[in-house]
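Please look over the sequence and the model before reading on.

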Amino acid sequence: MEYRGVNELRTMFEDFFVSKEHYPRGSFPLVSEKDKSLLLVNSGMAPLKPYFSGAETPPSKRMTTCQKCIRTGDIDNVGRTDRHATFFEMLGNFSFGDYFKREAIQWGWEFATQVLGMPEDKLWATIYEEDDEAFDLWREVVDMPAEKIVRLGKEDNFWEIGTGPCGPCSEVYFDRGEERGCGKEDCRPGCDCDRYLEFWNYVFTQFDKQEDGSYVPLVHPNIDTGMGLERLACIMQNVDSIYAVDTIRAILDEVVRITGREYKEGAGEDDVSIRVITDHVRAVSFMIADGIMPSNEGRGYVLRRLLRRAARHGRLLGLRQPFLADLSATVVEISKSAYPELEERYDHIRKIISVEEEKFAKTIDQGSDILDEYIAENAKSGSGELTGEQLFKLYDTYGFPPELTREIAEEKGCTVDEEGFYRRMNEQRDMARAARKMDDGNGWSENEEAYTAFPDTVFVGYEQKSIAANILGLIRHGRLVDSLEEGEEGVVVLDRTPFYAEGGGQIGDRGRIETADARAEVLDTVHIKQVHAHKVRVEAGSLSVGEAQVSIDELRRNATARNHTATHLLHKALKQVLGAHVEQSGSYVMPDLLRFDFTHYESLSQAQIQEIEDIVNREILAFKQVQKQIMPIVEARQLGAVALFGEKYGETVRVISIPEFSAELCGGTHVDNTGQIGSIRITSEGSVAAGIRRIEAVTGAAVSVLLRSEQELVREMADALKANRNDIVYKAEQLMEETRSLRKELDSSKRAAAVSSLDDMIQNAEIIGDVKLILGATGPASVEELRVLSDEIRQREKRAIAVLAAQKDEGASLIVSVADALMDEGYHAGKMIKDIARAAGGGGGGKANMAQAGIGDFSRIDEAFAEAKRLIGSDAGSR
């Protein structure tokens with residue numbers, strides 16, 4: 001066989017099946033656009049489920065793909081063996097009711113033997129034990145000897161998940177030679193040894209499994225095949241590990257280069273770490289390119305876990321500085337020809353990796369020290385298990401995923417109480433939910449059962465603002481009532497309504513309901529089950545079932561529509577300025593402002609905010625007609641309409657389009673022309689969660705109100721500074737400079753006073769053995785001032801330990817510093833200060849050279865100093 005590289009094999013596979021009239025489809029993203037239940041795409045077939053189920057029509061009855069995949073079930077084993085990986089590529093050819101077993105077997109054999117040149121005598125096949133048709137085809141079509149066709153049971157060679165489409169499988173194996181075998185006479189495919197390598201799997205989807213367990217033949221059977229590209233490359237390159245194939249080896253070699261370690265292709269600690277980094281940097285580069293952002297939930301958590309595991313293994317190899325962003329360049333270089341999005345989003349990939357790695361670097365050393373302390377403390381009490389509370393503290397404070405803590409603990413011979421950790425996590429979530437419920441004053445919809453008797457409310461609010469309708473029912477305190485009297489509040493259910501019910505981030509409409517006997521104000525509109533619930537307050541008369549005239553507050557609706565259309569413009573502008581990774585993660589549209597949450601990794605510069613604002617205003621001033629269309633969801637996706645991740649859509653959707661700019665699936669209310677928005681002004685930008693930013697903005701008349709407010713503020717500032725409006729910046733800078741100068745003088749005076757007092761402290765130092773212990777307490781002072789003193793001591797005294805205190809309200813701030821020479825002898829400020837502060841009822845921690853703490857009662861400072869003397873006197877400081 002001729003050596004073939006990974007990139008060459010991928011192209012050869014596609015070209016071959018294109019010659020067999022297959023439609024070549026580039027890889028789908030790792031985040032499934034259609035199967036929201038799927039964390040990450042984990043097989044070649046996963047993105048094609050709508051075609052196999054008949055929910056959507058495929059672009060062709062024959063397709064071929066090379067699908068990027070992530071599997072998370074074996075993350076802990078990645079690196080420990082040379083077979084496991086999180087990221088891989090899956091080659092596949094598919095038939096949706098077109099060809100079946102004969103063609104699949106024939107073309108697979110042709111590709112393997114004629115295109116790749118695999119020796120026929122090296123190939124074996126397995127089939128489902130009852131699939132005589134497949135047996136006959138392997139014999140008839142490719143003339144495979146009967147003894148090389150192995151029948152296996154349902155567990156190995158039959159694909160089914162519950163009820164629905166299913167069918168037998170057939171797998172192709174490559175015989176790698178007796179030297180890789182177990183030596184048993186009956187060694188053949190299905191044996192656990194390394195001789196036979198399965199590289200291609202055919203799934204013959206020909207049955208529909210019923211609830212009673214019976215199998216009904218499908219009218220149009222399908223073909224689903226999968227061949228791991230890296231596994232195929234192992235065969236074609238005659239190597240034993242996926243880490244030895246050309247593309248992955250290129251990444252591994254770069255890891256070896258930057259670490260200076262030797263890779264021995266074994267199970268040693270260095271080899272494990274090298275493989276972990278190699279796999280994980282490949283996976284995270286592809287994940288970030290597909291728009292996944294680090295977070296503490298879902299796929300974002302998987303990304304963060306992989307990044308932090310790789311960073312930690314870098315430290316095990318001696319890398320103290322961030323390195324993964326640089327390493328991602330190799331991933332991009334070797335794969336960009338097949339996956340151009342890697343190169344297009346390379347700057348974004350680097351940035352996300354850098355931010356996340358730097359964030360973890362700030363806590364990993366301290367977290368590792370805390371973990372070591374936990375292990376040591378537990379060992380003293382005879383326990384070899386980390387508690388759930390300890391795992392939670394490492395996760396919540398230091399960012400250690402519990403899986404990473406478990407891995408480190410296992411390396412040190414300890415176990416972890418993961419059940420306890422998740423109990424603690426659930427307790428925290430329950431507390432958060434309870435807090436949210438306490439903040440939620442919307443108790444008027446608490447009993448949904450009262451709404452089940454009503455038919456679906458017909459919404460006509462896109463076209464009409466005021467209509468005649470029928471009141472079908474009235475609800476008060478969760479119960480149906482005959483009437484609502486003057487001054488009472490309750491819920492009105494109508495047969496049809498112009499009122500928009502809160503949803504899709506848009507607030508519900510307000511307005512009025514009038515009958516011959518009553519007048520009521522609509523305070524809010526929400527969905528409850530299948531109906532629009534209109535919360536009302538009766539202003540006059542007695543409101544009862546019957547005919548009514550209902551009208552929305554048009555000014556309020558128009559203001560809300562302006563803001564809603566503006567969010568669509570803002571979403572697109574954010575993508576243009578910041579990059580394709582930007583995704584909407586939430587919005588709230590009200591009459592007086594809009595709030596838009598989106599995925600991004602850092603704060604926006606003022607220049608970026610201005611550019612985003614300018615783009616939106618340009619689209620507003622273009623006076624573009626806003627198009628509102630109802631269409632099948634398949635057609636909407638073909639138009640490129642943006643669907644919000646996590647939202648559920650029906651077969652028919654509403655698409656809001658701004659010509660030549662944006663298109664989104666949306667059920668909200670919008671302006672008819674962008675010019676009706678008037679203008680937009682971004683009022684704030686900030687972080688709301690890890691990887692999530694929030695913009696707030698105003699439009700229309702609210703922009704004028706904001707400008708007037710800002711002008712009034714400028715006038716007040718000018719008056720306060722006694723300056724002309726045009727000179728207020730200069731005047732403010734002048735005052736700031738004067739303030740800085742005065743502060744320098746003050747700091748200089750403080751330093752001089754501190755140094756003066758320092759001389760007294762050093763003169764009064766106690767000599768304990770060969771250590772000079774310097775103790776000192778001052779009146780009110782900042783921690784920074786204490787640091788200045790300790791730095792001065794470290795410069796003057798080469799074998800000194802300083803314990804300094806400064807009064808802070810009723811308590812005190814403490815600092816312990818240790819000279820470099822004493823650190824080399826085992827003295828550790830961070831460990832010492834814990835005992836010193838504890839003696840006075842406080843607590844703290846820190847690094848070996850310097851640590852800080854706090855105590856609640858300044859009068860107990862002598863107890864802290866006494867503990868310092870005891871520690872050094874007993875040589876406990878070197879523990």
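Does F111 count as buried or exposed? F111 counts as buried, because its relative accessibility is 0%, and the cut-off for buried is under 20%. The model is a predicted one.

- The rings of F16 and F111 form a tilted pair, with 5.4 Å from centre to centre and 50 degrees between the planes.
- F16 belongs to helix α1 (residues 6-19) and F111 to helix α3 (residues 101-115), so this pair ties together parts that lie 95 residues apart in sequence.
- F16 also counts as buried, at 8% relative accessibility.

**The pair F52 and F94**
- F52 and F94 make an edge-to-face pair, because their planes stand at 75 degrees, with the ring centres 6.3 Å apart; the edge-to-face class begins over 60 degrees.
- Distant parts of the chain are linked here: F52 is in helix α2 (residues 49-53) and F94 is in strand β3 (residues 87-96), 42 residues apart.
- F52 is buried, with a relative accessible area of 17%.
- F94 is buried as well, with a relative accessible area of 0%.

**A cluster of rings**
- Ring pairs join F13, F16, F17, F100, W109, F111, W138, W200, Y202 and F204 into a cluster.

**Charges over rings**
- K154 has its charged end over the ring of F158, 5.2 Å from the ring's centre.
- R654 lies over the face of Y462, 3.6 Å from the ring centre.

Technical notes: Residues numbered from 1 in each chain as written. Predicted model: local features only at pLDDT ≥ 70, side-chain atom pairs only at ≥ 80, totals over all residues. Heavy atoms only, no water. Phe/Tyr/Trp six-rings, centres within 6.5 Å; stacked < 30°, edge-to-face > 60°. Helix = DSSP H or I, 4+ residues; strand = E, 2+ residues; numbered from the N terminus. Buried < 20%, exposed > 50% of the residue type's maximum accessible area, 1.4 Å probe, protein only. Lys NZ or Arg CZ within 6 Å of the ring centre and 35° of its normal.
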